[in-house]
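Take a walk through this protein.

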Amino acid sequence: MGPFNGDDGNNGNGNGNGTTASRPGTLSKPLADLMGSWDDFAFAPIRESTVSRAMTRRYFADLDAYAESDVVIVGAGSCGLSAAYTLATLRPSLRIAVVEAGVAPGGGAWLGGQLFSAMVMRKPADVFLAEVGVPFEDEGDYVVVRHAALFTSTVLARVLALPNVKLFNATAVEDLITRPVVAADGSTSVRVAGVVTNWTLVSMHHDDQSCMDPNTINAPLVISTTGHDGPFGAFSVKRLVSMRQVETLGGMRGLDMGAAEDAIVKGTREVVPGLIVGGMELSELDGANRMGPTFGAMALSGVKAAEEALKVFDL
Ligand code: 48N
């Protein structure tokens, strides 16, 4: 067989050595020339159990490793992915779990607006696009990524290639782990100390199935970027209200691009000890305007969330 057989496969105890023959963009002749003719084509042999073990061995090793994480990022939309990329790149020593309720990460950033495909970002968000390697057209005060999926897939690919990040998709954060904080004057509050997770399909059926007990991830810092209100959205800020750490939500205001994007980026912060909130989730807490189909604030809110996180770790 040619170079695509990264795993001996034959005895069902694949000893895939983890190296990849990745050669994107080098296709200079039909693959058949590399693999041998299609006429006598056959895949390397495999047993079903080998496939099952290849998946489950890695998944449960990751669950074990990330049960204690340094940072959990809740929500892998444009803000969460930008935060993950920035934090994991600036601080490779941090172990970062990204928990995403959807099977498909990316949130609302697969399209520009109203199903149009181009994505607009106002400068200086082009700095982040250049860092990540997303091509764009320069229009002066703003730039345009020809297809929003190019932004999302590029950032996602960069994040997934980072050795200190693990994406747990199809997994919902359904509560926060907290620890009591007693101030000098005797008043009590909480510090967020991790997240409570469950398969999203389980979380969606608590009402019609017995409530399945959850799993947990301990972490001294959580970055919540779960988007504006919706079935799962604005999760952490709504939970802060229900656990009486925040009086009430400000409620996202009407669309005002000029006001919204500055407010979201500048407002991205640690809202209670151990919990940083960014992206459109923050608009629900602060009562900021929405910005509609422009994504620069999502990217730079993620960058700011990462830098706020570093401040916490550098204390
Ligand atoms: O894309 P979103 O919804 O959120 P952001 O803040 O990353 O980006 C918002 C952006 O797409 C806009 O809304 C644009 C700019 N429009 C603004 C406007 O004016 O309307 O991503 C949030 C992600 C999603 O993928 C959710 O599935 C996920 O968070 N999520 C969760 N994941 C795990 N546990 C949860 N409890 C949870 N809740 C949401």
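Two strands count as paired if DSSP finds at least two bridges between them. Keep that rule in mind, as the model is a predicted one. Strands S12 and S13 pass the test, pairing in the antiparallel sense over 3 bridges. S13 covers residues 275-277. Within this pair, Arg-269 stands opposite Val-277 in S13.

Now step back to the whole sheet. It is open and has 6 strands, in the order S6-S2-S1-S10-S13-S12. The pairing is mixed. Which strands stand at the edges? They are S6 (165-168) and S12 (269-272). Each has a single partner strand, so one side of each is left without a neighbour in the sheet. From one strand to the next, the twist averages 25 degrees.

Helices pack on this sheet. Helix H2, residues 48-66, touches strand S2 (96-99) and S6. The direction of H2 makes about 115 degrees with that of S6. Helix H7, residues 235-242, also packs on the sheet. H7 touches strand S10 (221-224), S12 and S13. Its direction makes about 125 degrees with that of S13.

Turn next to the annotation. An unreviewed UniProt entry lists these residues under "binding site": Cys-79, Glu-100, Ala-101, Gly-108, Val-173, Asp-213, His-228, Met-280, Arg-290, Met-291 and Gly-292. They span 214 residues in sequence. The farthest two C-alpha atoms are 37.8 Å apart, so the listed residues do not all gather at one spot.

Glu-100 sits in the loop between S2 and strand S3 (119-122). Gly-108 lies in the loop between S2 and S3. Is each one buried or exposed? Glu-100 has 11% relative accessibility, so it counts as buried, the cut-off being under 20%. Gly-108 has 63%, so it counts as exposed, the cut-off being over 50%.

What surrounds Glu-100? Leaving aside its neighbours within four places in sequence, Glu-100 is in contact with Gly-75, Ala-76, Gly-77, Pro-105, Leu-167, Phe-168, Asn-169, Ala-170 and Thr-171. Its side chain also reaches the backbone nitrogen of Gly-102, at 2.6 Å.

How values were computed
Residues are numbered from 1 along each chain as its sequence is written. This is a predicted model: local features need pLDDT of at least 70, side-chain atom pairs count only at pLDDT 80 or more; totals for chains, interfaces and linings use all residues. Side-chain values use heavy atoms; hydrogens and water are left out. Helices (H or I, at least four residues) and strands (E, at least two) are DSSP runs, numbered from the N terminus. Axes are lines fitted to C-alpha atoms, for helices over the stretch in contact, and angles run from 0 to 180 degrees between N-to-C directions. Contact means heavy atoms within 4.5 Å. UniProt positions are given in the numbering used here, feature names are shortened, and annotations may be inferred rather than shown by experiment. Buried means under 20% relative accessible area, exposed over 50%, partly exposed in between (1.4 Å probe, protein chains only). A polar contact is a pair of N or O atoms within 3.5 Å; within protein, one must be able to donate a hydrogen and the other to accept it, and residues adjacent in sequence count only if both atoms are side-chain atoms.
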